[in-house]
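Have a look at the model first, then read on.

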Amino acid sequence: MNQTVNIVGREVGDNHPPLIIPEIGINHEGSIDKAIMMIDAAVDAGAEIVKFQCHITHHEMLETDMKPGDISDETLWDIIKRCELTEDEEKRIIDYCRQKNIIFLSTPFSREACDRLESMDVQAYKIGSGECNNLPLIHYVASKNKPIILSTGMNDMNSISKTVQIIKSHNTPLILLHCTSMYPTPYDKVRLGAINDLQDNFPDIPVGFSDHSLGIAASLGSIALGSCIIEKHFTISRSWPGPDTGISIEPNELKSLIEHSKQIWESRGGSKNILEEEKPVIDFAYASVVSIKSIKKGEKFSLDNIWVKRPGNGELLSDKFDKILGTTAQQDISLNSQISLKDIDHSIKF
């Protein structure tokens with residue numbers, strides 16, 4: 001069993017319902033009004049937590065005309081710069097989350113972003129896949145000894161192990177998220193089996209799933225495999241502009257994800273045995289051995305005079321039928337009677 005990690009009072013692990021993290025990220029496009037609207041929508045959908053990204057652009061990257069693949073025709077620098085929130089705006093967002101009783105989580109993309117979040121008394125961090133092997137930043141964030149949720153997209157087990165070792169060296173609580181860094185992720189590239197790989201390689205660390213596929217099917221499927229966290233990009237409407245809105249879920253989908261994840265979590269585990277609660281159904285659903293003709297004492301039981309019929313409250317159920325065939329009736333038996341133990345040869349061993 002994986003350990004439990006406390007994320008700002010919320011226990012996360014095998015024995016707790018999955019924590020669904022709607023990632024507002026930069027879907028607010030730098031607008032605090034949109035950010036507040038999305039917090040409200042997440043609260044209304046039943047979310048316990050929201051996640052943002054803390055960007056101080058000139059500290060996290062060089063100015064570049066590089067574009068983020070197929071995500072946008074805009075340069076990465078321009079996207080991040082436009083979506084930056086000021087320190088005052090982030091404080092307002094954190095204060096608003098506290099008013100709404102929803103956990104605030106953020107991803108620092110630089111030392112300076114981490115420092116900013118520390119100054120605001122943020123109690124946990126999310127590290128994105130792009131920073132999974134950024135060992136200097138990992139060291140820095142882990143040194144704060146706040147729980148870390150770490151996405152592992154674009155990294156293999158060797159790379160992940162190095163990062164895990166660093167975080168453990170600081171005695172910092174850790175949760176790993178499987179992730180495929182494709183936007184959107186085709187279903188045949190989701191690889192939910194990687195969740196089990198992470199569980200096998202890091203049995204003392206809770207494992208979750210950061211899902212970039214469309215819809216919520218893959219997220220729900222991951223819960224059946226033991227995922228304790230689901231992270232999913234979130235927006236009020238996919239018609240809004242922004243590089244991540246196209247792969248984001250809307251409030252009605254978030255609500256479904258939260259509700260259905262709990263149902264799947266409750267359905268996990270167990271073994272194949274008969275439950276005490278199933279026994280009343282057994283009485284009417286099973287079949288008993290019955291007479292289909294009147295049978296005289298000394299007459300042999302055969303396919304012509306016995307068969308199996310419901311209800312299953314007789315002394316001899318249908319699984320005893322073959323052993324009764326060919327034996328001798330010990331007394332007269334009327335038509336449509338359940339065959340009882342006193343009707344059969346006591347030497348029969350079941």
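The lining of the second largest pocket divides into 6 nonpolar, 2 polar and 3 charged residues (Ala, Val, Leu, Ile, Met, Phe, Trp, Tyr, Cys and Pro count as nonpolar, Asp, Glu, Lys and Arg as charged, the others, Gly among them, as polar). Among the residues that line this pocket are V8, E48, R98, F104 and Q123. Two or more lining residues come from each of α4 (87-99) and β5 (103-108).

This is a predicted model, where local features need pLDDT of at least 70, side-chain atom pairs count only at pLDDT 80 or more, and totals for linings use all residues. Numbering starts from 1 along each chain as its sequence is written, and side-chain values use heavy atoms, without hydrogens and water.

| Pocket | Space | Lining |
|---|---|---|
| Largest | about 930 Å³ | 14 nonpolar, 14 polar, 8 charged residues |

In the largest pocket, 36 residues form the lining, and L76, F109, G130, E131 and Y183 lie nearest its centre. Helix α3 gives the most to this lining, with 3 residues.

Now for the helices. Helix α5 (residues 111-119) packs against helix α6 (residues 135-142) at an angle of about 15 degrees, with the axes 10 Å apart. That makes α5 roughly parallel to α6 (angles under 35 degrees count as roughly parallel). The contact (heavy atoms within 4.5 Å) is made by R111, C114 and D115 of α5 and L137, Y140 and V141 of α6. These residues divide into 4 nonpolar, no polar and 2 charged.

How values were computed:
Axes fitted to C-alpha atoms, helices over the stretch in contact; angles between N-to-C directions. Helix = DSSP H or I, 4+ residues; strand = E, 2+ residues; numbered from the N terminus. Parallel < 35°, antiparallel > 145°, perpendicular 65-115°, else oblique. 1 Å grid on protein atoms, 1.4 Å probe; cavity = no way out; pocket = protein on both sides within 12 Å on 5 of 7 lines; lining within 4 Å. Points joined across faces, edges and corners; volume = space filled by probe spheres on them.
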